[in-house]
Amino acid sequence: MASGIGRLERTHARRRPATGATTSSSFRCYPPSDHNVRCWPSKPASFLDYCEAVHGLAQTLLGLVAEGLGLDAGFFAGDLSGGDTHMSINYYPPCPDPSVTMGLLAHCDRHLLTLLSQADVAGLQARHGGRWLLVRPVQGAFVVNFGHQMEIVTNGVLASVEHRAVTNSVAARMSVASHVHPMDGCLIRPAPELVDEAENPAKYREFLFSEFMEAYDAADASREDVLDSFKIRRD
Ligand SMILES: O=C(O)CCC(=O)C(=O)O
Ligand SMILES: [Fe+2]
(Lines give C-alpha, C1' and ligand atoms only; values in the text may rest on other atoms or scores of the structure.)
(Ligands and ions follow the chains in the order given, each with its own letter.)
Protein backbone atom coordinates (compact mmCIF):
# COMPACT_ATOMS: atom_id res chain seq x y z
CA MET A 1 0.00 0.00 0.00
CA ALA A 2 1.27 3.49 -0.78
CA SER A 3 2.61 5.66 2.00
CA GLY A 4 0.09 7.98 3.65
CA ILE A 5 -2.60 5.36 3.91
CA GLY A 6 -1.07 3.63 6.89
CA ARG A 7 -2.17 0.38 8.45
CA LEU A 8 -5.51 -1.05 7.35
CA GLU A 9 -7.00 -3.51 9.75
CA ARG A 10 -9.49 -6.17 8.75
CA THR A 11 -8.98 -5.64 5.08
CA HIS A 12 -10.21 -8.22 2.65
CA ALA A 13 -10.01 -8.91 -1.04
CA ARG A 14 -12.58 -7.17 -3.19
CA ARG A 15 -15.67 -9.18 -3.87
CA ARG A 16 -15.17 -8.19 -7.50
CA PRO A 17 -11.57 -9.10 -8.14
CA ALA A 18 -9.34 -7.24 -10.48
CA THR A 19 -7.44 -9.17 -13.11
CA GLY A 20 -4.18 -7.34 -12.47
CA ALA A 21 -2.05 -6.74 -9.43
CA THR A 22 -4.61 -4.34 -7.96
CA THR A 23 -4.74 -4.10 -4.19
CA SER A 24 -8.14 -3.16 -2.82
CA SER A 25 -9.21 -2.77 0.77
CA SER A 26 -12.87 -2.37 1.66
CA PHE A 27 -14.26 -1.56 5.05
CA ARG A 28 -17.12 0.29 6.72
CA CYS A 29 -15.90 3.80 7.47
CA TYR A 30 -18.94 5.74 8.69
CA PRO A 31 -20.64 6.35 11.10
CA PRO A 32 -17.76 6.22 13.60
CA SER A 33 -19.21 3.32 15.61
CA ASP A 34 -16.82 1.23 17.74
CA HIS A 35 -16.95 -1.55 15.15
CA ASN A 36 -16.24 0.76 12.21
CA VAL A 37 -13.48 2.71 13.95
CA ARG A 38 -11.60 -0.55 14.54
CA CYS A 39 -11.33 -0.93 10.74
CA TRP A 40 -9.97 2.56 10.09
CA PRO A 41 -6.45 3.18 8.80
CA SER A 42 -4.09 4.60 11.42
CA LYS A 43 -3.24 7.52 9.11
CA PRO A 44 -4.18 10.22 8.32
CA ALA A 45 -5.33 11.64 11.67
CA SER A 46 -8.01 13.60 9.81
CA PHE A 47 -9.70 10.42 8.56
CA LEU A 48 -12.89 11.14 10.53
CA ASP A 49 -13.07 14.66 9.03
CA TYR A 50 -12.88 13.15 5.55
CA CYS A 51 -15.64 10.62 6.30
CA GLU A 52 -17.87 13.28 7.82
CA ALA A 53 -17.35 15.63 4.89
CA VAL A 54 -18.12 12.86 2.39
CA HIS A 55 -21.22 11.86 4.34
CA GLY A 56 -22.42 15.48 4.41
CA LEU A 57 -21.74 15.94 0.70
CA ALA A 58 -23.58 12.73 -0.16
CA GLN A 59 -26.63 13.81 1.84
CA THR A 60 -26.60 17.25 0.18
CA LEU A 61 -26.38 15.68 -3.27
CA LEU A 62 -29.17 13.22 -2.47
CA GLY A 63 -31.37 16.11 -1.34
CA LEU A 64 -30.71 17.94 -4.62
CA VAL A 65 -31.30 14.78 -6.69
CA ALA A 66 -34.61 14.26 -4.87
CA GLU A 67 -35.70 17.82 -5.55
CA GLY A 68 -34.66 17.48 -9.19
CA LEU A 69 -36.92 14.46 -9.49
CA GLY A 70 -39.84 16.33 -7.93
CA LEU A 71 -39.59 14.31 -4.70
CA ASP A 72 -39.46 15.50 -1.13
CA ALA A 73 -35.95 16.87 -0.38
CA GLY A 74 -35.65 14.28 2.41
CA PHE A 75 -36.77 11.38 0.21
CA PHE A 76 -33.39 9.56 0.25
CA ALA A 77 -32.60 10.40 3.87
CA GLY A 78 -33.42 7.76 6.49
CA ASP A 79 -33.33 4.04 5.63
CA LEU A 80 -32.47 4.48 1.94
CA SER A 81 -29.10 6.09 2.69
CA GLY A 82 -28.79 5.47 6.43
CA GLY A 83 -26.62 2.35 6.35
CA ASP A 84 -22.88 2.33 6.90
CA THR A 85 -20.74 4.04 4.28
CA HIS A 86 -18.38 1.45 2.76
CA MET A 87 -15.00 2.69 1.63
CA SER A 88 -12.86 0.97 -1.01
CA ILE A 89 -9.25 2.04 -1.34
CA ASN A 90 -7.91 0.78 -4.67
CA TYR A 91 -4.25 0.78 -5.59
CA TYR A 92 -3.26 0.01 -9.19
CA PRO A 93 0.48 -0.40 -9.74
CA PRO A 94 1.89 0.45 -13.17
CA CYS A 95 1.51 -2.45 -15.56
CA PRO A 96 4.07 -3.23 -18.30
CA ASP A 97 1.32 -4.10 -20.81
CA PRO A 98 -2.03 -2.43 -19.94
CA SER A 99 -3.67 -4.06 -22.96
CA VAL A 100 -3.65 -7.44 -21.19
CA THR A 101 -4.41 -6.34 -17.64
CA MET A 102 -7.55 -4.61 -16.42
CA GLY A 103 -7.35 -2.77 -13.09
CA LEU A 104 -10.97 -3.38 -12.12
CA LEU A 105 -13.50 -5.30 -14.20
CA ALA A 106 -16.67 -3.67 -15.53
CA HIS A 107 -19.40 -3.39 -12.92
CA CYS A 108 -22.14 -1.14 -11.59
CA ASP A 109 -22.07 -0.23 -7.91
CA ARG A 110 -24.93 -1.89 -6.07
CA HIS A 111 -26.09 0.83 -3.68
CA LEU A 112 -27.45 4.36 -4.04
CA LEU A 113 -24.50 6.65 -4.63
CA THR A 114 -20.69 6.55 -4.78
CA LEU A 115 -18.35 9.48 -4.29
CA LEU A 116 -15.04 8.60 -5.91
CA SER A 117 -11.77 10.44 -5.56
CA GLN A 118 -9.29 9.42 -8.25
CA ALA A 119 -6.51 11.90 -7.44
CA ASP A 120 -4.63 12.92 -10.58
CA VAL A 121 -3.95 9.71 -12.54
CA ALA A 122 -6.59 8.80 -15.12
CA GLY A 123 -7.91 5.23 -15.31
CA LEU A 124 -11.64 5.29 -14.65
CA GLN A 125 -13.80 4.56 -17.69
CA ALA A 126 -17.61 4.73 -17.94
CA ARG A 127 -19.68 2.94 -20.57
CA HIS A 128 -21.78 5.28 -22.67
CA GLY A 129 -23.60 4.32 -25.85
CA GLY A 130 -21.62 1.09 -26.16
CA ARG A 131 -18.25 2.87 -25.85
CA TRP A 132 -15.86 3.19 -22.91
CA LEU A 133 -15.15 6.84 -22.14
CA LEU A 134 -12.24 7.97 -19.97
CA VAL A 135 -13.39 10.01 -16.97
CA ARG A 136 -10.55 12.51 -16.66
CA PRO A 137 -9.54 13.48 -13.13
CA VAL A 138 -10.44 17.04 -12.12
CA GLN A 139 -8.34 18.33 -9.26
CA GLY A 140 -10.25 18.45 -5.98
CA ALA A 141 -13.41 16.98 -7.54
CA PHE A 142 -15.29 13.78 -6.83
CA VAL A 143 -16.81 11.54 -9.48
CA VAL A 144 -20.44 10.87 -8.52
CA ASN A 145 -21.76 7.48 -9.57
CA PHE A 146 -25.32 6.24 -9.34
CA GLY A 147 -25.65 2.58 -8.36
CA HIS A 148 -28.32 -0.05 -8.99
CA GLN A 149 -30.36 0.99 -6.00
CA MET A 150 -30.72 4.50 -7.45
CA GLU A 151 -31.90 3.07 -10.77
CA ILE A 152 -34.52 0.92 -9.06
CA VAL A 153 -35.79 3.54 -6.62
CA THR A 154 -36.16 6.08 -9.44
CA ASN A 155 -37.88 3.46 -11.62
CA GLY A 156 -35.14 3.73 -14.23
CA VAL A 157 -34.93 7.55 -14.44
CA LEU A 158 -31.36 7.64 -13.08
CA ALA A 159 -29.56 4.65 -14.54
CA SER A 160 -26.69 2.92 -12.77
CA VAL A 161 -23.46 3.61 -14.58
CA GLU A 162 -21.27 0.73 -15.72
CA HIS A 163 -17.61 1.51 -15.11
CA ARG A 164 -14.17 -0.09 -14.90
CA ALA A 165 -10.58 0.91 -14.22
CA VAL A 166 -7.75 0.46 -16.68
CA THR A 167 -4.06 0.33 -15.86
CA ASN A 168 -1.21 2.30 -17.41
CA SER A 169 2.43 1.45 -17.92
CA VAL A 170 3.95 4.48 -16.21
CA ALA A 171 2.23 5.66 -13.07
CA ALA A 172 0.67 3.97 -10.07
CA ARG A 173 -2.91 5.02 -9.48
CA MET A 174 -4.99 5.21 -6.35
CA SER A 175 -8.71 5.78 -5.95
CA VAL A 176 -10.89 6.09 -2.87
CA ALA A 177 -14.55 5.20 -3.30
CA SER A 178 -17.13 5.98 -0.62
CA HIS A 179 -20.28 3.93 -1.16
CA VAL A 180 -23.51 5.15 0.45
CA HIS A 181 -25.53 2.12 1.52
CA PRO A 182 -29.10 1.71 2.76
CA MET A 183 -29.90 0.16 6.15
CA ASP A 184 -29.51 -3.63 5.96
CA GLY A 185 -33.26 -4.28 6.40
CA CYS A 186 -34.31 -1.49 4.03
CA LEU A 187 -37.16 -2.22 1.65
CA ILE A 188 -36.25 -1.13 -1.88
CA ARG A 189 -38.91 -0.35 -4.49
CA PRO A 190 -39.60 2.28 -7.12
CA ALA A 191 -40.77 5.52 -5.47
CA PRO A 192 -44.59 5.58 -5.72
CA GLU A 193 -44.30 9.24 -6.75
CA LEU A 194 -42.39 8.15 -9.88
CA VAL A 195 -44.80 5.39 -10.84
CA ASP A 196 -48.04 5.72 -12.74
CA GLU A 197 -49.74 2.38 -13.35
CA ALA A 198 -51.23 3.56 -16.67
CA GLU A 199 -48.41 5.61 -18.17
CA ASN A 200 -45.27 4.51 -16.36
CA PRO A 201 -45.76 1.29 -14.37
CA ALA A 202 -43.23 0.04 -11.84
CA LYS A 203 -40.29 -1.62 -13.60
CA TYR A 204 -39.04 -3.39 -10.48
CA ARG A 205 -40.62 -5.37 -7.68
CA GLU A 206 -40.21 -4.69 -3.98
CA PHE A 207 -37.35 -6.46 -2.15
CA LEU A 208 -35.04 -6.24 0.83
CA PHE A 209 -31.62 -4.79 0.18
CA SER A 210 -30.09 -7.93 1.76
CA GLU A 211 -31.79 -10.02 -0.97
CA PHE A 212 -30.28 -7.73 -3.57
CA MET A 213 -26.78 -8.13 -2.13
CA GLU A 214 -27.06 -11.90 -2.59
CA ALA A 215 -28.29 -11.57 -6.19
CA TYR A 216 -25.48 -9.12 -6.96
CA ASP A 217 -22.84 -11.54 -5.77
CA ALA A 218 -24.47 -14.47 -7.59
CA ALA A 219 -24.66 -12.55 -10.87
CA ASP A 220 -21.00 -11.59 -10.53
CA ALA A 221 -22.02 -7.94 -10.89
CA SER A 222 -23.14 -8.24 -14.53
CA ARG A 223 -25.48 -5.26 -14.97
CA GLU A 224 -28.33 -6.97 -16.80
CA ASP A 225 -28.18 -10.22 -14.80
CA VAL A 226 -28.38 -8.33 -11.53
CA LEU A 227 -31.36 -6.19 -12.55
CA ASP A 228 -33.19 -9.03 -14.31
CA SER A 229 -34.13 -10.88 -11.15
CA PHE A 230 -35.90 -7.76 -9.82
CA LYS A 231 -37.68 -6.64 -13.01
CA ILE A 232 -41.45 -6.91 -13.36
CA ARG A 233 -42.26 -8.63 -16.67
CA ARG A 234 -45.39 -7.44 -18.43
CA ASP A 235 -45.24 -9.44 -21.68
O1 LIG B 1 -10.66 3.03 -9.32
C2 LIG B 1 -11.66 3.50 -9.86
O3 LIG B 1 -11.64 4.54 -10.52
C4 LIG B 1 -12.99 2.77 -9.74
C5 LIG B 1 -13.24 2.17 -8.38
C6 LIG B 1 -14.60 1.53 -8.31
O7 LIG B 1 -15.33 1.47 -9.26
C8 LIG B 1 -15.09 0.97 -7.03
O9 LIG B 1 -14.34 0.95 -6.03
O10 LIG B 1 -16.27 0.54 -7.01
FE1 LIG C 1 -17.36 0.89 -8.75
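## Backbone features in the loops

Ala119 is found in the loop between β4 and β5 (124-128). Helices (H or I, at least four residues) and strands (E, at least two) are DSSP runs, numbered from the N terminus. Phi of Ala119 is near 45°, a positive value in a residue other than glycine.

Pro31 belongs to the loop between β1 (23-30) and α1 (34-38). Pro44 is in the loop between α1 and α2 (47-68).

## Basis of the model

This is a predicted model, in which local features need pLDDT of at least 70 and side-chain atom pairs count only at pLDDT 80 or more, while totals for chains, interfaces and linings use all residues. Residues are numbered from 1 along each chain as its sequence is written, chains are lettered from A and ligands numbered from 1 in the order in which they are written, and side-chain values use heavy atoms, with hydrogens and water left out.

## The iron site

Ligand 2 is an iron ion. Its protein donors are His107 (NE2), Asp109 (OD) and His163 (NE2), lying 2.1 to 2.3 Å from the ion. Donors are N, O and S atoms within 2.8 Å of the metal (3.2 Å for Na, K and Ca); water is not among the atoms, so sites may look incomplete.

Along the chain the donors follow the spacing H-x1-D-x53-H. Asp109 and His163 link distant parts of the chain, 54 residues apart. Asp109 is in the loop between β3 and β4 (113-117). His163 is in strand β8 (residues 163-166).

## Around ligand 1

Ligand 1 is surrounded by 14 residues, each with a heavy atom within 4 Å of the ligand. The closest are Asn90, Tyr92, His163, Arg173 and Ser175. By class, the shell has 5 nonpolar, 6 polar and 3 charged residues. Here Ala, Val, Leu, Ile, Met, Phe, Trp, Tyr, Cys and Pro count as nonpolar, Asp, Glu, Lys and Arg as charged, and the others, Gly among them, as polar.

Ser175 places a polar side-chain atom 2.7 Å from one. For an N or O atom in the side chain of His163, the distance is 3.0 Å. For a polar side-chain atom of Asn90, it is 3.2 Å. The elements that give two or more residues to the shell are β2 (85-92), β3 (102-107) and β9 (173-180). The largest share, 4 residues, comes from β9.

How values were computed. Polar contact = N/O pair within 3.5 Å; in protein donor to acceptor, adjacent residues only side chain to side chain.
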